Amino acid sequence: MARRTAKCKRCGKDLYPEERFKHNSKNYCKDCYDIVIREAEDYKNLIAYICEIFEIDKPSGFILKQIKNYKEEFGYGYAGMQYTLWYCREIENYDFILKYGIYMVKQHFDDARDYYNHQEKMIEKMESLSEKDIHKVKRVDESSISHKPDDSSSLVNLTSLLSDNEEG
């Protein structure tokens with residue numbers, strides 16, 4: 001049996017050589033490796049989106065500090081931060097000013113999460129409708145519809161009203 005030679009950098013699990021997955025010269029178990037890879041991809045996407053909305057080549061140190069702070073202090077994920085920026089830009093139509101960085105993530109993260117959850121619920125409702133419910137439409141026979149006005153008390157004869165006003 002092979003000797004355990006490393007620990008997972010994220011969870012601390014002892015790893016056999018065949019269980020190790022490396023990322024940035026650090027060892028991870030399979031589950032932690034998948035999480036680290038997803039977070040790295042989410043971080044790259046967040047940085048790319050920030051560069052797009054501010055029309056810059058790379059984010060400022062201030063913005064990078066904000067990202068780190070929001071991640072560590074508030075537990076915001078990179079994908080959540082990117083979604084919040086998208087929400088502020090596309091739904092709330094906020095203008096972005098470089099000197100303030102991504103401050104709106106802190107202010108609107110919960111609003112963006114609520115919007116996302118609402119959209120997901122609407123999608124679930126749409127998907128839960130069966131084809132039968134969608135196509136259940138009452139058909140009306142055109143021959144049963146009367147095109148002649150009846151003497152209903154709810155109808156007003158506008159012609160008689162106009163002729164009464166002209167006389168008086």
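1. Let me start with a charged pair: E52 makes a salt bridge with R89, and their closest N and O atoms lie 3.2 Å apart. The two residues come from distant parts of the chain, with E52 in helix α1 and R89 in helix α3 (residues 78–91), 37 residues apart. A salt bridge here is a side-chain nitrogen of Lys or Arg within 4 Å of a carboxyl oxygen of Asp or Glu. Helices are DSSP runs (H or I, at least four residues), numbered from the N terminus.

2. A word on the source: this is a predicted model, in which local features need pLDDT of at least 70 and side-chain atom pairs count only at pLDDT 80 or more, while totals for chains, interfaces and linings use all residues. Residues are numbered from 1 along each chain as its sequence is written, and side-chain values use heavy atoms, leaving out hydrogens and water.

3. Back to R89, which also forms a salt bridge with E90, where the closest N and O atoms are 3.9 Å apart. Through shared partners, E52, R89 and E90 join into one network. How exposed is E52? Its relative accessibility is 46%, so E52 counts as partly exposed. R89, at 28%, is partly exposed, and E90 falls in that class at 43%. The classes are buried (under 20% relative accessible area), exposed (over 50%) and partly exposed in between, with a 1.4 Å probe and protein chains only.

4. The count of salt bridges comes to 6. Another of them pairs D14 with K7, the closest N and O atoms being 3.6 Å apart. D14 is partly exposed, with a relative accessible area of 31%, whereas K7 is exposed at 53%. As background, side chains of opposite charge can pair when their charged atoms come close.

5. The largest nonpolar core has 22 residues, and I50, I67, M81, L85, I102 and V105 have the most contacts inside it. The elements giving it two or more residues are α1, α2, α3 and α4 (104–128), and α1 supplies the largest share, 7 residues. Such a core is a set of buried Ala, Val, Leu, Ile, Met, Phe, Trp, Tyr and Cys residues joined through side-chain atoms within 4.5 Å.

6. Which residues does I67 touch, leaving aside its neighbours within four places in sequence? They are Y43, L46, I47, I50, Y78, M81 and I102, where contact means heavy atoms within 4.5 Å. A second, separate core of 6 residues includes C8, L15, Y28 and C29.

7. Take a look at how α3 and α4 meet: their axes come within 8 Å and cross at roughly 85°. That makes α3 roughly perpendicular to α4, a label for angles of 65 to 115 degrees. Axes are lines fitted to C-alpha atoms, for helices over the stretch in contact, and angles run from 0 to 180 degrees between N-to-C directions. Among the residues that meet are M81, L85 and W86 in α3, and V105, F109 and Y115 in α4.

8. Finally, a look at E55, which sits in the loop between α1 (30–54) and α2 (61–74). E55 counts as exposed because its relative accessibility is 73%. Its C-alpha lies 9.4 Å from that of L98, although E55 and L98 are 43 residues apart in sequence.

How values were computed
Parallel < 35°, antiparallel > 145°, perpendicular 65-115°, else oblique.
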